[in-house]
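Here are a few notes to read alongside the model.

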Amino acid sequence: MKFGLFYELQLPKPYDADQWHDDQEHRIVKEALEQIELADRLGFDYVFIVEHHFLEEYSHSSAPEVFLAAASQRTKNIRLGHGIVLMPPPYNHPARVAERIAMLDLVSDGRVEFGTGESSSEMEMGGFGVRREEKKAMWEEATRECLRMMTEVPYPGYEGTYFAMPSRNVIPKPLQKPHPPVWVAAARRETTMVAARLGIGSLGFSFETADEARERVEEYYRLIREECFPIGKAINPALAVLSVLSCFDSEEEAIAKGLEGAQFFSYSLGYYYSPFTGGAHKPGRVHLYRQFRDTPPEQRWGALAEWFRGFAGYRGGFGEEPQDEVGRALWRAAQRGGCIGTPEFIRETLLRYEEAHLDVMLFVAQCGARKHEDIMDSLYRFGTKVLPEFKERHEQHQRWRRQQLAPVDYPIVSSI
Amino acid sequence: MAGKVDRIQDPELRASLQAAQESLRKGDYRDVVRRSAEAFLELVRRRPELLEGQEGIRRLFMFPRLGVDLAVSPGSPPTLKWERERFSFSEAVTYLEFATEQLLQAGM
C-alpha cells in the first residue's frame, strides 16, 4: 500500500475577527509547501490537492496547477496529484486542461497524477453555470477529449454536446506516455464502478472502512478485467481511500492536536454540500469557524444532522452512523477514525486496509485550525515510525496486483 | 467470476439488469438507464415500505438525478421524469450500479 497527503488548503477565519488577516493565505500556502517537502523526504508517495472555487474557509485551493508547479520544484520523488481538476467545460476548457497537465508533467519530470471530477457544491456549479443534471456527462466528454488532445497529432477537432473546437495540435504533450495516470473523484460507490469500467483510478472520498474497501477492491478489479472500456489510451487501475491523520506518541495528544481539525473539515464540508446551507451561503459574510466553535463539541454533529434532516431525513445523533453514503462520509470524517492516535494504533488500522489490497491511503493532515508545527510533527512521526514497514511490503501488493491484471490487454500507466 | 447483477435472486429483475448490462456493452445507454430506473421502481412497487419514513426519503434522495429523476406525489408510487433522451456511458453505469446495489441491499 502506498501513502499520500490530501490538501484542501483549509483556512478558518480567526475566531475574533470577521475576515482573515492579510498574511494568512500566504502563510497557509507556504506552510503546505513545507509540509510536502517533508513528506517527500520521508518517502510519502503522493500529494493530491483539490480544485475548489468560492468555498471560503473550507478550501482556498482554486489554482492547484500553480501550487503543484511550486511543489514540483521543491520535491524530488513525490507524485503530484490533482485531486481533482473540475472537468465540466464551464470551469476549464479541455484544451487548457490538457496544456496545463502536460506542462506540469514536463516541469516535474513526469510526476503528474491526473485526477478528474465533476464538482457537486451549489456554490461552484452556480458560480460557473453548471447544471447538476449534466455535470457527469460533461465530465466524461471533457475527460475523453482532453486525453485525446494529449496524445493525438493533431487533435482532429470536436463537435460535442458540451464543447466544440476546430482541429489544433494541442501542445506541449506530457512527458509520461501516452498520458499521466488518470483518476476520478468518487464520493459514491457508483462512481468507483464507473472508474473501473473506464479504466481509471478511483479517488474514494467517502472514508470507507477496511471491510468496505475490500468489497470495492474485489469488484473494481473484476470490472477492470471483464468490463473495461478505457476512456484514455492507457489504464490506471488503482483505488485510493481517504482518512484523517494525527500521529503522536500518546492517544491524548493525537486527539487534542488532531480531532478538532477533523471535525471542522467535516463541518465545513457538510455546510457547503448541503443544498440548504451551501446554496444559501452569503459570500464574504459567513464566519464558519466561529459558528463551529460556538457550537458545543457534542452538538457539532448534531448541527450537521439538522441540515441532513432538511434534505435527507437524517435523524442520527452524534453516536449514530448515517446509512446514506454521503452523510456517512461526513459523519466518519468528524469522528476520531482509525488514523488519529499513536503510531501503533494507526499501524493496526492500516494493516486492515493493506490486507484488503487497497492501493493508496490518502491522509488529510492539514485541516481546520491545526498548527503547522503539529502537522509537521505528526507527519515526521508517521513517516519514521509507521511508513517504512509498509513500504517494505509494497512489493507483495504489486505481485498481487500483477496477478489481478494478468488478463488485461490494455497498456497500463500507473504509479502503484 | 459472477458480477453483482448475477447475484440478484429475483429472476425477473435479474434478467432485466442483465439485459441492461448487455445494452451497456452495445452502447445503448438510454436502454441501460431505462431498465435500471424501472428496476428500482419495481423494487419500491413490490416493497413500498422501503419508501416509508426517513429511510425512504433518504433512499429517494440518493436516486441519481442525471437526466431521469423520480416524480413523487403523496399516496402514489413514484414515476420516472425524463429530462432528455441521450445519456453518456458514465450516467448509464451510475443508474445500473445504483439499481443493482438497491436490489441486493433489499435482498431481492
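**Notes on the two chains**

1. In this predicted model, 19 residues of chain A are in contact with 21 residues of chain B; contact means that the C-beta atoms, placed from the backbone, lie within 7 Å. Local features need pLDDT of at least 70 and side-chain atom pairs pLDDT 80 or more, while totals for chains, interfaces and linings use all residues. Residues are numbered from 1 along each chain as its sequence is written, with chains lettered from A and ligands numbered from 1 in the order in which they are written.

2. On the side of chain A that touches chain B, helix 5 (135-151), helix 6 (189-198), helix 7 (210-226) and helix 10 (297-312) of chain A each supply at least two residues. Helix 6 of chain A gives the largest share, five residues. By class, this side of chain A has 12 charged, five nonpolar and two polar residues (charged: Asp, Glu, Lys and Arg; nonpolar: Ala, Val, Leu, Ile, Met, Phe, Trp, Tyr, Cys and Pro; polar: the others, Gly among them).

3. Chain A has 14 helices and 13 strands (DSSP runs, H or I of at least four residues for helices and E of at least two for strands, numbered from the N terminus). Its C-alpha atoms fill a box of roughly 60 × 45 × 40 Å along the principal axes.

4. Chain B has four helices and two strands, in the order α-α-α-β-β-α along the sequence. The C-alpha atoms of chain B fill a box of roughly 40 × 30 × 20 Å, taken along the principal axes.

Notes. Two residues are in contact if their C-beta atoms, placed from the backbone, lie within 7 Å.
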